[in-house]
Amino acid sequence: MIFGAHVIVYSNDATADRTFFREVLGLSSVDAGGGWPIFALPPAEVAIHPAEESARHELYLVCDDLKAEIQALSAKGVRCSEVDEARWGSVTRIRLPGGGEVGLYQPKHPLALVPTSGSPLPTQPAAQAG
């Protein structure tokens with residue numbers, strides 16, 4: 001039974017990006033051995049998009065109030081890109097200290113995520129499989 005997902009973010013400065021995930025994004029972690037942190041992520045969903053080449057993957061963090069999240073990150077010294085209004089959501093990008101970037105978006109589509117007790121996720125109907 002599949003019970004989760006493991007996401008890998010490649011970095012030119014893993015130490016700085018780990019510090020960012022821990023101190024700026026506030027993600028908890030466990031030591032996987034030898035001081036190697038593995039960070040807990042919020043609930044996740046995966047989308048499969050058509051592409052000419054399939055060697056690229058992206059990480060987007062999901063929020064329920066993009067403007068508020070951008071303000072909270074700004075207060076921590078994090079600069080976000082301009083907000084792009086896409087068909088599927090309002091999206092910005094966060095530059096990581098190691099040179100990479102992750103997306104941050106407020107979805108406009110139904111979520112496959114199942115909100116947990118106390119979760120700020122909007123209670124949108126999940127798309128029906130079929």
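Helices (H or I, at least four residues) and strands (E, at least two) are taken here as DSSP runs, numbered from the N terminus. The structure is a predicted model, for which local features need pLDDT of at least 70 and side-chain atom pairs count only at pLDDT 80 or more, whereas totals for chains, interfaces and linings use all residues. Residues are numbered from 1 along each chain as its sequence is written, and side-chain values use heavy atoms, with hydrogens and water left out.

On this basis the chain holds two helices and six strands, which follow one another from the N terminus in the order α-β-β-β-α-β-β-β. Of its 130 residues, 22% count as buried, where buried means under 20% relative accessible area, exposed over 50% and partly exposed in between, with a 1.4 Å probe and protein chains only. With a contact defined as heavy atoms within 4.5 Å, 40% of the contacts between residues at least 6 apart in sequence join residues that are at least 24 apart.

A nonpolar core was defined as a set of buried Ala, Val, Leu, Ile, Met, Phe, Trp, Tyr and Cys residues joined through side-chain atoms within 4.5 Å. The largest such core comprises 15 residues, and those with the most contacts inside it are Phe20, Phe21, Leu73, Val78, Ile94 and Leu104. Two or more residues are given to this core by each of helix H1 (14–24), helix H2 (66–75) and strand E6 (101–107), and the largest share, three residues, comes from H1. For Leu73, the residues touched, not counting those up to four places away in sequence, are Val24, Leu25, Val78, Cys80, Ile94 and Leu104.

Cys80 lies in the loop between H2 and strand E4 (84–86) and, leaving aside its neighbours within four places in sequence, is in contact with Ile70, Leu73, Thr92, Arg93 and Ile94. The C-alpha atoms of Cys80 and Arg93, 13 residues apart in sequence, are 5.6 Å apart in space. When a disulfide is required to be a pair of cysteine sulfur atoms within 2.5 Å, the count comes to zero disulfides. Cys63 is in no disulfide, the nearest cysteine sulfur being that of Cys80 at 9.4 Å, and Cys80 is likewise in no disulfide, with the sulfur of Cys63 as its nearest, 9.4 Å away. Cys63 counts as buried because its relative accessibility is 9%, while Cys80 has a relative accessible area of 23% and is therefore partly exposed.

Ser90 is placed in strand E5 (residues 89–95), and it counts as buried because its relative accessible area is 12%. The side chain of Ser90 makes a polar contact of 2.6 Å with the side chain of Glu85; a polar contact is a pair of N or O atoms within 3.5 Å, of which, within protein, one must be able to donate a hydrogen and the other to accept it, and residues adjacent in sequence count only if both atoms are side-chain atoms. Not counting residues up to four places away in sequence, Ser90 touches Leu66, Val83, Asp84, Glu85, Leu104, Tyr105, Gln106 and Lys108.

Pro37 belongs to strand E2 and, at 14% relative accessibility, counts as buried. Apart from neighbours within four places in sequence, Pro37 is in contact with Arg18, Ser29 and Val30, and its C-alpha atom is separated by 9.5 Å from that of Arg22, 15 residues apart along the chain. Ala5, in the segment before H1, has a relative accessibility of 71% and so counts as exposed. Ala5 and Glu45, 40 residues apart in sequence, are 9.2 Å apart in space, C-alpha to C-alpha.
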